[in-house]
Amino acid sequence: MRQYFRHLRDIQLLGLVCVTLVFIGLFLTAQLQQLEPKGSGWRRIDIELLQKRLESGDLSDHEAAWYHPEIEGEGDVRDGEPGR
Amino acid sequence: MPANRFLVFGVVLILGAYSQIVQAILIRESLVVFYGNEVSLGIFFGSWLFWVAAGSLVALRLARLPAFSRPLPWLRRLLLLLPLLLLLQILALRLVRLVLDVSSSEFVPLGELFVSLFLINTPSALVLGFAFPLACRSFQQLSNTGKSDSVTGNVSRLYVADALGALFGGVLFTFVLIQWLGLTGSLGTVTLMLSAIAWLFGEKRRKGRLAVWITGLIGLALILPQSGQWLERQLEAMRFSTLQPSLELVDSLDTRYGHLALARLGGQTSIVLDGQITESFPLPLEIEQQAAYLLSQANDARRMLLFGNYASGLVEELLRYPVEQIDLVVEDRRAYERVYPNLPEAGRNALADPRVALHFSDGRRFVNRLETGRTFDLVLVLNASPASAYSNRYFTREFYGQIAAHMNRRGVLCTRVSSASNYLGKTVGGFSGSVYHTLKSLLPEIAIVPGDDHVYCATRAPGRITEDPGELERRYLKISLDEHRFPAMAFHSMLPAADIRYVRKRFAETESEINTDRHPITYYLNMVLWGRFSASEFADWMEQLRQQGLWPYLLPPILFVLLWLMRGTLEEAARPVIRRRAASLSITMLGFIAMAAQLVILFSYQAHVGFMFERVALINGLFMTGLAFGAGIGGLLARTLRPAPALMGVMVLTAGAFAAAPQLLTLLSTSTDLQEPGYLAGSLVLGLLTGMGFPLGVSVTQQEQSGVVRSSGINQLADNLGGAAGGLITGTLMVPILGVDWSCYLLSLFALMSLLPLLFALAAPERLIGLNRRGRSAFPWPGLGWASTFMVLWVYGGVLLQQGTEPAPQTRFDDKHLARISDSAEFELREQPFDYYLGSGGSPEGETASVASIAGAPDVRGYAGAINLLLSVDGAGILRGARYVDSNETPSYITGIDGWLAGLRGIDLSAQSLTLQRIDGLSGATVTSRAALEAINQSVAAVGKAAFDKNFGVQGDPPDIPGFWLSARFIATALLLLAFFPVYLSGSEPGRLALQFASLVLLGVWLNSLVTEVDLVNISLGHLSSLSENPQRWLLLGFVLISALLFGQVWCGYLCPFGALQEFISRIGRRLGLRTYPGRQLDTRLRFIKFLLLALLLIGVWSTGDTSLAMFNPMQHAFGSRWQGWMLGIIGVVLIGALFYFRFWCRYLCPFGAFLALSNKLALLNRFAPRRRFEHCDLGVKEEFDIDCIRCSRCLTGRDTHKKSR
């Protein structure tokens, strides 16, 4: 190792290269973080919105399709696609 | 006892035995913890051999140290350390699910499985790998002959000892230890063995003797029943608590198929096989329903065949029906005898019923041995799950074929597979669909019971089975029963017509393959399914590999061999060195093939015979014995023949054996009696073939007698590294994805490919090897350089393969998306002349036509290729909406595209198209904006004509590029590039500086048009704007590439604007007395960094698809005034660095410069260039094809160079 650092200018060069590489790493990290879509990661359920949609009957149509009618054709909104 | 050669031989023998025992114990532990999934085998062997190789490498490095001049004491210490390490590894494996936080009933994600096994294998494997070279050194010291040919003999003898020890260990473990002593007893026995042999070394120091005694006592304690069994119970409880924490463990045992536990929760008892619940009892209602359904389908069944399921109570329920005989096949008698006392009384009575015939046999073997003419009315396979190769055997075409042969004309086969109750996605549908399609290929009539588990009842006879719940109800009520307990109305809820229709529709739409013994696709799909459930990206990657066929496996060895040959041709290496390298490569390949062969045998054995859990040590031991015999034959060949040609002969023989292997396996599968002996013999023969190569390779690679450790270490390293790769790739990828047959063919091809380096080493003409003028390396670590080249080419090959299997761009959309952009309510798909949707209802403005721009305007290109937008127009030519779907444009340039497109809603396109004069483009993305608008114009025109027979937009609008071929941009660039030639050929320094200045101003400041890594990446991925769209870019790219081919790195030296900027700053630095030169060695090494950056950049972008990883070069930002954030820091450091070091960025860090530097090796018209004066070069360039000459041409005058101040 000693043979590589005979002069101060060797340390200077190595320092410059290392600093540049560090900056490159930081730049790329910042770049990748910037490009992440907003709102990615953990999501929370908006309870208020869910409540509103439930009360307005917006979701009830979907739920009914999960259950099988006793009488053929009753409430059968989607053809042959259970649970959708 | 003083050490002697025989003692060392004995040590190696014991270590060989120990190695087999440890592997068997850890494999069995892995299978239980990872739910019996045999993919853990490949990961196990791969990681085991990797660490053994690492241990050998450490031994090689340490061999030179004085502390290792006497290796015997170190061997003794290792012997005493090994049992403790094994105990820790067992504990680690038993706790791994806890550490990884994997719930019960969940599979460990494949990536985590890999990492955990990889780490857990480290201690024992590392130590064992370390021990072999030490033993070789001891043996050689004690031999003391001083002759070089004794090196080969000694290493070979110890190799034989190791292999014989493995056989001994395999037999001992399989037939004695695990059968009679259990796990802790086995552990105790090996501990005693190792301490005994350590004692034989005659340690003089008290501390050493004490260690031996303590280890021996621990071994004894583990063997004694009281202590050993107590420990075993504690270990079992620990493991079970991580597998099924909510259940109370009642009993457990190891069967030949796996680990079985009996557990309780409240009033219910469950059988847990390899961590998964297979049966629970009592479940009276479920069993009632099951029996009622099955016997309503096969309503006059009198003779039944039932596989497993003896504990659930199904037998008891079936006996209520008018059956004559139930043949019940139970795989393991010991397991049955342990479970039987825990069954309810009624269940025990049912099993003792005279109508029930118990057969203790493997299910496949039982069916194979059934006499011809023996037939059944109903066959039930309800307990298996294709989650492992072992249980996948009950879902293959071969098995169904055998069953079908023993079913009468109206016979019914019923089986069950897990699925999903509400939605069958591609993966779940493919998985359960593969069972469905496999069954259907032999028994075309199938009734489906949908739900979380699908039940399929299949027969040949039309009308025999039904999905009509009413019909089933009638059949059930007609059966003569004491009591019809099952409420037959429940058939209606079991068989909802809509659900069944949906399942059939999905099976018809989903691609499914037939599951066979040699291509266990269902087992593979189960792994993918669990990968998806655990959000493992590994599953997506496996699916991509499957779609790419054989190429992912062929590409790496082809590339490797080609680069190897290139290196041999270009580098200055003596023929003996090349021969040694070729021999090491052959040993590596033999190691790969050996391990791969072992895994092929293990998988095939498991698929046909089934109890690999019991026999793994024996199979491995036999393989190692084959290796020993083979090594003996190889040693003889090494002494009597020329080793290199003999090694080639072994490779050819190996290739032939693998090519013939599938046919031999077919032969084995036809005879039950021959199967097991056949597999064991096959293991021996394959070991023999691959063992022959080792001593031949040693003979070629040995240097001199003092290199015994090095020689043995190198060869063991090569062998084990090859084995690690072979185990990992074959066990986790090749066999599950390609199947056994194609894996064998590939291995045969690999053996043939490894002949090429040997042939080259032996027979290449001298002048070919001497073709090194261009190949002379100018920087250190050529191995790293070639390895980087291999990685880059491999990843690029993978990208090309992936592009070949990418799905077509999206042109079809669901109603929800169409409604959002068009406001229509109903849509009709039309496919001519391209896919588009006619929308109606919803909005009072009338019909709409919606289309993907890739369909309506396929030729429009953005900056990096086609752009796909979904857009909708009405009959009046009003744009109802546009949405971004997909493109390859740089993400940062198009983050606002959705908002921008939303702003186009309502624009009238009936008379006039969209242009950038009319609409503001996306900020900083003119080319993309222009392309998007053109895509909209052309798509609207096309769909307007197709849907409404109207001509929207002004046809033949001139593009708003102002006469592109005559633009100032293009002309200025062309003139600049033309000026290069006279300047370069004249060698004029003022001319070069003037050209650089012109480039700095023109290409840099004015046009901001540089050629960078982003262009390199775009070209590699085929993402280019069209020639008419951006001709100046094409001119620049073309010039850079062609000039590099002809003259080398002249772009950097003459025209790169950022290079010019740095050069001017460097010259200012020299005038200010700041310029300095580093030491030559440091300078040479630092210049290599740019090549590594290039390799990392390309690998990063290609493997992630994210081009922003290529955007760290300051020259991409310097002239665009994007001096902000960390880029400001980079630009600042680079420009300051240029003051002190000539062209700091170019010389040490520029990846694009590194790419162009490769052209210095070509420089086809170099002879016409000005003659460089290397004696004036201050940058260390010494010869014509030096890779690091940036063609600055300062050496021609020597005025700016300064060689004195170093």
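Good morning, colleagues. Please keep in mind throughout that the model is predicted.

I begin with the division into domains. Chain B falls into four parts: domain 1 (5-223 + 548-769), domain 2 (278-523), domain 3 (815-960) and domain 4 (966-1196). Between the C-alpha centres of domain 1 and domain 3 of chain B there are 62 Å.

Let me turn to the sheets. In chain B, seven strands make up an open sheet with mixed pairing, and their order is 7-6-5-8-9-11-10. Which strands stand at the edges of this sheet? They are strand 7 (356-360) and strand 10 (445-449) of chain B; each has a single partner strand, so one side of each is left without a neighbour in the sheet. From one strand to the next, the twist averages 15 degrees. Strand 5 (residues 303-307) and strand 8 (residues 376-381) of chain B run parallel and are joined by three bridges. If you wish to locate this pairing on the screen, look for Met304(B), which stands opposite Leu378(B) of strand 8.

Another open sheet of chain B has four strands in the order 1-2-3-4, and here the pairing is antiparallel. Its edges are strand 1 (248-254) and strand 4 (276-281) of chain B; with a single partner strand each, they have one side left without a neighbour in the sheet. Neighbouring strands are turned by 20 degrees against each other on average, direction ignored. Five bridges connect strand 3 (residues 268-273) of chain B to strand 4 in the antiparallel sense. In this pair, Thr269(B) stands opposite Phe281(B) of strand 4.

Phe281(B) leads us to the peptide bonds. A cis peptide bond links Phe281(B) to Pro282(B), with omega of about -5 degrees. Pro282(B) belongs to the loop between strand 4 and helix 9 (284-297) of chain B. A cis bond is also found between Gln832(B) and Pro833(B), where omega is about -5 degrees. Pro833(B) sits in the loop between strand 12 (826-830) and strand 13 (836-840) of chain B.

Two further backbone sites deserve a mention. Arg1143(B) is not a glycine, yet its phi is positive, at about 45 degrees. This residue lies in the loop between helix 44 (1125-1140) and helix 45 (1144-1148) of chain B. Is Arg1143(B) buried or exposed? Arg1143(B) is buried, because 26 other C-beta atoms lie within 10 Å, and the cut-off for a buried residue is 20 or more. Ser1193(B), also not a glycine, has a positive phi of about 60 degrees. Ser1193(B) is placed in the segment after helix 46 (1151-1157) of chain B, and it is buried, with 22 other C-beta atoms within 10 Å.

Returning to Ile593(B), its contacts, not counting residues up to four places away in sequence, are Thr654(B), Thr690(B), Gly726(B), Leu747(B), Phe750(B) and Ala751(B).

Thank you for your attention.

Notes:
Residues numbered from 1 in each chain as written. Chains lettered and ligands numbered in written order. Predicted model: local features only at pLDDT ≥ 70, side-chain atom pairs only at ≥ 80, totals over all residues. Pairing = 2+ DSSP bridges. Helix = DSSP H or I, 4+ residues; strand = E, 2+ residues; numbered from the N terminus. Axes fitted to C-alpha atoms, helices over the stretch in contact; angles between N-to-C directions. Domains from an automatic or database assignment. Buried ≥ 20, exposed ≤ 12 C-beta atoms within 10 Å, placed from the backbone. Contact = placed C-beta atoms within 7 Å.
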